[in-house]
Amino acid sequence: MVKKSWVPYFFLSPYILFYLAFGLIPILFSFYVSLTSWDGISSRTFVGLDNYKFLFNQDSYFLLSVGNTLLFVVLTLPLQIIFGLIIASLLYSRWVKWKGFFQLVNFLPYIVTPVAVGLMFNLLFDWQAGFVNKLLLHLGLVDEAVYWLGDPLYARMVIVLMLFWKGFGYTMIFYLAGLANIPKDLNEAAQVDGASFLRIFMSITLPLLKPVTVFIVITGIIGGFQLLEEPMMLLGGSGMGSSAAVIGGPDRCCLTTVWNMYDTAYGSTTRYGLGAAIAYGLCVIIAVFSFIGARFYRGEQQ
Amino acid sequence: MTNSLRTTLGTVAIALLSLFALLPFYIMTIMGTYQNEELFSKIVLVPGNYLLENFKTVAASRFDLVYLNSLIVSLSSTVLSVLVSAFAGFAFAKHEFKHKNKIFAAVLLTMMIPGQLGLVAYVIEMRYLGMSGTLLPLILPWVANAFGVFWMTQFIKSAVPTEVLESARIDGSSDIGVFFRIVIPFIYPAITTLSLLVFLWSWNNYLLPLIIINKPELYTIPLGITSLGGAYRTDLAAQILGLTIGTFPVLLLFAIGSKSFIRGLTAGSVKG
């Protein structure tokens with residue numbers, strides 16, 4: 001049989017062509033745009049690294065938005081990991097009935113359109129019609145409605161709760177997959193030797209789940225830094241509920257990096273160059289923190 | 001502790017956590033069945049009787065058109081992405097060519113790049129190509145999908161026997177014929193998983209349509225949901241029902257396909 005050398009290239013070419021046209025070329029051109037000052041209408045002027053220098057200026061809100069996003073990741077990830085692991089262990093144990101049903105229910109929040117997640121929590125924490133305030137008032141726990149989304153601290157708390165709600169089922173399914181991969185005879189041997197459940201969990205299960213945890217931490221950082229819709233919808237901008245539309249919430253306390261990029265290029269201003277520079281800054285930060293996240297976890301284990 | 005007591009305790013613990021997961025859905029659904037004024041005056045815990053009226057309000061905003069747009073975008077993205085990924089996966093898994101490993105590594109590397117990196121220029125590109133008045137800009141970015149290529153390569157490598165391919169070629173099948181008649185039937189599970197993933201990703205996409213789509217006739221679900229607030233600002237109950245209608249069908253789809261969907265998500269995480 002004659003091996004035709006063009007065959008693999010034929011099968012590969014659609015992917016390569018589409019990636020070049022709608023992936024790589026925009027990425028490269030975005031870098032060029034990030035070196036210019038441009039609003040999309042008037043002519044582009046080359047400004048070198050000025051946009052990148054401006055990222056460190058307070059007026060760009062870049063560092064603030066990175067700090068906010070990092071705060072959300074740092075507060076949410078441990079919660080998701082702990083609860084995801086607890087639920088996965090319970091579901092994997094012999095002590096729970098209707099496993100498939102519970103697995104599905106806890107995973108549902110992750111599938112919901114992010115826009116809808118933000119709006120749902122906007123409804124729950126609305127100060128006038130929100131369920132949470134009504135419940136608190138009804139039970140007599142507060143004297144007057146709490147302005148959850150108008151206070152920087154409370155707004156951040158609501159975001160952490162919302163992200164936790166959305167994400168714990170996601171970590172759960174990864175731990176379930178990890179648990180299923182641990183050889184059963186390891187646990188059985190330890191049981192025969194008289195090890196307690198807790199001892200087996202700490203000395204066998206947890207170390208063997210390490211690759212899963214590393215994966216969750218890294219994807220959690222990558223995904224977390226791309227946070228946009230949930231806080232954007234939670235804090236208004238859609239006209240739903242009664243909260244006023246503010247960029248980034250009260251004092252921009254919940255302005256995330258991607259939200260900042262959107263607002264810079266397509267919202268309050270149309271500074272394409274600065275928007276593209278924010279995107280590149282975001283990419284660098286994601287790379288750095290994924291690296292640190294992986295290193296930190298490995299160091300802790302040794 | 002007896003085993004049955006443990007089972008009861010374990011199940012109760014999981015049930016409580018599940019309640020936490022379900023509560024926001026429940027409240028959202030219930031709120032959509034009340035008249036607007038009632039939402040502000042009392043706590044609503046059981047279904048009300050205003051569902052039909054709210055539904056009429058939502059139907060008047062042509063929500064069906066928004067659904068249709070989302071279906072067009074997500075189905076086209078899914079079909080194209082799966083086909084292109086399977087093509088590339090077939091090349092990587094069952095063919096030899098120059099720099100194969102390097103190209104494969106490069107594809108994997110692009111998985112790490114956040115989608116927003118090229119966004120500004122992509123929007124300019126779409127305007128330049130005159131596509132910003134169509135749904136195409138929402139479909140094209142999904143076609144070259146690095147995860148899809150990775151997924152298909154792994155699956156084709158292990159699921160498609162090379163001998164079967166060889167014998168089909170000896171029988172005179174063309175390479176395209178081999179792909180569609182031999183490879184495809186072997187990889188149905190991988191196709192299902194990847195389809196569900198791409199469908200969900202494109203269905204939930206918000207930033208790109210928010211920037212590119214500027215006429216209501218082309219709104220997809222996430223845009224449609226957010227624009228409900230502007231459509232009838234005073235009718236919160238109708239907005240909430242719109243939110244419910246926009247959320248539930250896709251949840252149902254994924255409840256049905258959850259097994260293969262989860263398999264796709266967790267691919268590669270376990271072996272680290």
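A polar contact is a pair of N or O atoms within 3.5 Å; within protein, one must be able to donate a hydrogen and the other to accept it. The model shown in these views is predicted.

**View 1. Polar contacts between chain B and chain A.** Between chain B and chain A, 12 residue pairs are in polar contact, both residues at pLDDT 80 or more. Salt bridges across the interface of chain B and chain A number 0 by the rule.

**View 2. Extent of the contact between chain B and chain A.** Chain A brings 90 residues to the contact, and chain B brings 93 residues. The two chains bury about 8300 Å² between them. Carbon and sulfur atoms account for 80% of that area. Of the area that chain B buries against chain A, 8% comes from Ile14(B), Leu117(B) and Val120(B).

**View 3. The side of chain B that touches chain A.** Helix 1 of chain B, residues 3-31, gives this side its largest share, 19 residues. By class, the side holds 61 nonpolar, 22 polar and 10 charged residues.

View 4. An unreviewed UniProt entry lists "transmembrane region" for residues 12-33, 70-92, 104-125, 208-228 and 277-297 of chain A. Two of these spans are described here. Residues 104-125 of chain A are 91% helix and 0% strand. Their end C-alpha atoms are 26 Å apart. Residues 208-228 of chain A are 76% helix and 0% strand. The end C-alpha atoms of residues 208-228 of chain A lie 34 Å apart.

Key
Residues numbered from 1 in each chain as written. Chains lettered and ligands numbered in written order. Predicted model: local features only at pLDDT ≥ 70, side-chain atom pairs only at ≥ 80, totals over all residues. Heavy atoms only, no water. Contact = heavy atoms within 4.5 Å. Buried area = accessible area lost by both parts, 1.4 Å probe. Salt bridge = Lys/Arg side-chain N within 4 Å of Asp/Glu carboxyl O. Polar contact = N/O pair within 3.5 Å; in protein donor to acceptor, adjacent residues only side chain to side chain. Helix = DSSP H or I, 4+ residues; strand = E, 2+ residues; numbered from the N terminus. Nonpolar A, V, L, I, M, F, W, Y, C, P; charged D, E, K, R; others polar. UniProt positions renumbered as here; feature names shortened; annotations may be inferred.
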